[in-house]
Amino acid sequence: MSQNPECVFCKIAAGVIPAAIVHQDATAVAFLDIHPLAPGHLLIVPRDHITSMSDLPAETSAALARLFPRLGEAARVAGGAEGYNILLNNGTVAGQFVEHLHFHVIPRRGDDGLGFRWVSGSYAEGEAERIRAAVTAALKR
Ligand code: 5GP
Ligand code: ZN
């Protein structure tokens, strides 16, 4: 188990600084986001100091993901919401601020005003096949 003594989420996982914890087990800790986008906004973090999905062992990933259904539903109910988003900002360019991997669980209501800029495009002729081949090649690395 590796921790970073400077890391805020390592400190929360270790109980060094307080947080409103809703679940903890051998691998993961879940707690309320201190600046919620909606009531019930949770963060799910591994106990290990892992910055990026690139460094996340599959077993740890599975241990985090297995919490999604129960924590998602609990956050939805507690937040009086109709649905929820599960979101991971992986890398600064993707909006990651805290460099300890974390999944956001964000309860959603129809009138919450939370937007998401989703500007979809389309593939040019042959491009989808090139990208498919690039992804399958990367999977073999
Ligand atoms: P990111 O942009 O890195 O995906 O999101 C980091 C999240 O961590 C933010 O939503 C922020 O409010 C939350 N956060 C940052 N510091 C603390 C803290 O000390 N305690 C808690 N509970 N949440 C924090
Ligand atoms: Zn950490």
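Predicted model: local features only at pLDDT ≥ 70, side-chain atom pairs only at ≥ 80, totals over all residues.
**Entry 1**

E129 is partly exposed, with a relative accessible area of 43%. E129 forms a salt bridge with R132, and the closest N and O atoms are 2.9 Å apart. The term salt bridge stands for a side-chain nitrogen of Lys or Arg within 4 Å of a carboxyl oxygen of Asp or Glu. R132 is partly exposed as well, at 45% relative accessibility. I then checked where the two sit. E129 and R132 are 3 residues apart in helix α4, so about one helical turn separates them.

**Entry 2: Ground rules**

I noted how things are labelled: residues count from 1 along each chain as its sequence is written, while chains are lettered from A and ligands numbered from 1 in the order in which they are written. Local features need pLDDT of at least 70 and side-chain atom pairs count only at pLDDT 80 or more, whereas totals for chains, interfaces and linings use all residues; side-chain values use heavy atoms, with hydrogens and water left out.

**Entry 3: The whole protein**

I looked up the elements next. The protein has 4 helices and 5 strands. These are DSSP runs numbered from the N terminus: helices are H or I with at least four residues, strands are E with at least two. From the N terminus on, the order is α-β-β-β-α-α-β-β-α. The C-alpha trace spans about 55 × 40 × 25 Å along its principal axes. The protein has 141 residues, and 30% of them are buried.

**Entry 4: Strand β3**

How many residues of strand β3 are buried? I found 5 of the 5, residues 42–46, so the strand is largely enclosed by the rest of the structure. I recalled a rule: in a regular strand the side chains alternate between the two faces of the sheet. In β3, L42, I44 and P46 point one way, and L43 and V45 point the other way.

Then I checked the neighbours of β3. Strands pair if DSSP finds at least two bridges between them. Strand β2 (residues 28–32) is joined to β3 by 5 bridges, and the two run antiparallel. A28 has P46 of β3 as its bridge partner. On to β5: β3 and β5 also pair in the antiparallel sense, over 3 bridges. One of the links is L42 with V105 in β5.

**Entry 5: Ligand 1**

Which residues are closest to ligand 1? I got D33, G95, F97, H102 and H104, from 16 residues that surround ligand 1. A residue counts as near if one of its heavy atoms lies within 4 Å.

I listed polar contacts too. These are pairs of N or O atoms within 3.5 Å; within protein, one must be able to donate a hydrogen and the other to accept it, and residues adjacent in sequence count only if both atoms are side-chain atoms. A polar side-chain atom of N89 is 2.9 Å from an oxygen atom of ligand 1. For H104, the polar side-chain atom is 2.8 Å from a ligand 1 oxygen. For H102, the distance to an oxygen atom of ligand 1 is 2.7 Å. Taken alone, ligand 1 exposes 520 Å², and the protein buries 81% of that. Such areas come from the Shrake-Rupley method with a 1.4 Å probe; for residues, only the protein chains shown count as cover.

I went back to H102. H102 lies in the loop between β4 (83–87) and β5. Is H102 buried or exposed? I read a relative accessible area of 5%, so H102 is buried. The H102 side chain also has a polar atom 2.6 Å from the backbone oxygen of H100.

**Entry 6: Other salt bridges**

The structure holds 4 salt bridges. D112 and R108 form one of them, with the closest N and O atoms 2.7 Å apart. D112 is partly exposed at 25%, and R108 is partly exposed at 23%. R109 and D111 meet in a salt bridge at 3.6 Å, N to O. R109 is partly exposed at 39%, whereas D111 is exposed at 62%.

**Entry 7: A nonpolar patch**

Y123, I131, V135 and L139 make a nonpolar patch of about 420 Å². Patches are made of residues with over 30% relative accessible area and no salt bridge; like charges are joined within 9 Å, and nonpolar side chains (Val, Leu, Ile, Met, Phe, Trp, Tyr) within 5 Å. Y123 sits in the loop between β5 (103–108) and α4 (127–139). Y123 counts as exposed because its relative accessibility is 53%.

Key:
Buried < 20%, exposed > 50% of the residue type's maximum accessible area, 1.4 Å probe, protein only.
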